[in-house]
Amino acid sequence: MNDLSFALGAFTLLILPGPTNALLVMASHGLSRIGLLEVLAAVVFAYLAIIVPVSSVAGPFLHAHPLALQVVKATSAVWVLYLAFKLWGRSTVTSTEFAGPRHVFVTTLLNPKAIIIGLTIIPSAQDGLALSTMMAFVAVALSTSLIWLTAGRLVIGESDHMPLIARRCGSAALMIFSIVLTASALR
């Protein structure tokens, strides 16, 4: 697999709705330039923190122990459900209270997309990961994150507090992702 086909595969997976992308939509609300850089860095570093070890070391373990992958999915489902309830219950929410870099980082760490990329999409890491592959991934992660942040900015706007309808829709989306992750973990 060359870097272009890897990048297309990674883009196809990362652009799909999921917990990280839902948080990016919420994080776009009132995001400053520094905040934008922090959120983008959180996404990239969290994905790399999972993809690099999974593709180079943990892949054989996860293939041999499917229960470990189920535990990751279940943990992710609990985290996403926690975020959904946190978002639903607040009377006023700003992006940094709910979807700041820390929340985005943890959610991305627990996002099964990172494991899928590390196990199936990334080229074989027998001799180490190629710098060009990592750079392609970083470009894809940044571009998909920017797409979701832009979509959030267009939908939510730039008021001081996140509108109630945006909070409730975001919370509902996170609840749905939690249910999907739970169902996936129970298979």
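A: Among contacts between residues at least 6 apart in sequence, 88% join residues at least 24 apart. This comes from a predicted model, in which the protein has nine helices and zero strands. Of the 187 residues, 47% count as buried. The protein exposes about 9200 Å², and carbon and sulfur atoms supply 72% of that area.

Now to the part you asked about. A search of the whole structure turns up one cavity of 30 Å³ or more, and about 30 Å³ of space lies in the largest cavity. Its lining consists of Leu-14, Thr-20, Asn-21, Leu-24, Val-43, Tyr-47, Thr-144 and Ser-145. The elements that give two or more residues to this lining are α2, α3 (33-64) and α8 (131-156). The largest share, three residues, comes from α2. By class, the lining splits into four nonpolar and four polar residues, with no charged ones.

That makes helix α2 worth a look of its own. Helix α2 spans residues 19-27 and is mostly covered, with nine of its nine residues buried. Those residues are Pro-19, Thr-20, Asn-21, Ala-22, Leu-23, Leu-24, Val-25, Met-26 and Ala-27. Buried here means under 20% relative accessible area.

For context elsewhere in the fold, turn to a pair of helices in contact. Two packed helices are described by the angle between their axes and the distance between the axes. Helix α4 (residues 66-89) and helix α6 (residues 101-109) pack at an angle of about 150°, and their axes lie 10 Å apart. On the α4 side, the contact is made by Trp-79, Leu-83 and Lys-86, which meet His-103, Val-106 and Thr-107 of α6. The residues of this contact divide into three nonpolar, two polar and one charged, whereas the lining of the largest cavity has no charged residues.

Note on methods
Residues are numbered from 1 along each chain as its sequence is written. This is a predicted model: local features need pLDDT of at least 70, side-chain atom pairs count only at pLDDT 80 or more; totals for chains, interfaces and linings use all residues. Side-chain values use heavy atoms; hydrogens and water are left out. Buried means under 20% relative accessible area, exposed over 50%, partly exposed in between (1.4 Å probe, protein chains only). Helices (H or I, at least four residues) and strands (E, at least two) are DSSP runs, numbered from the N terminus. Axes are lines fitted to C-alpha atoms, for helices over the stretch in contact, and angles run from 0 to 180 degrees between N-to-C directions. Contact means heavy atoms within 4.5 Å. Ala, Val, Leu, Ile, Met, Phe, Trp, Tyr, Cys and Pro count as nonpolar, Asp, Glu, Lys and Arg as charged, and the others, Gly among them, as polar. On a 1 Å grid over the protein atoms alone, a cavity is a set of points where a 1.4 Å probe fits but cannot get out, and a pocket is an open set with protein on both sides within 12 Å along at least five of seven lines; lining residues have an atom within 4 Å of a point. Grid points are joined across faces, edges and corners, and a volume is the space filled by probe spheres set on the points. Accessible areas come from the Shrake-Rupley method with a 1.4 Å probe; for residues, only the protein chains shown count as cover.
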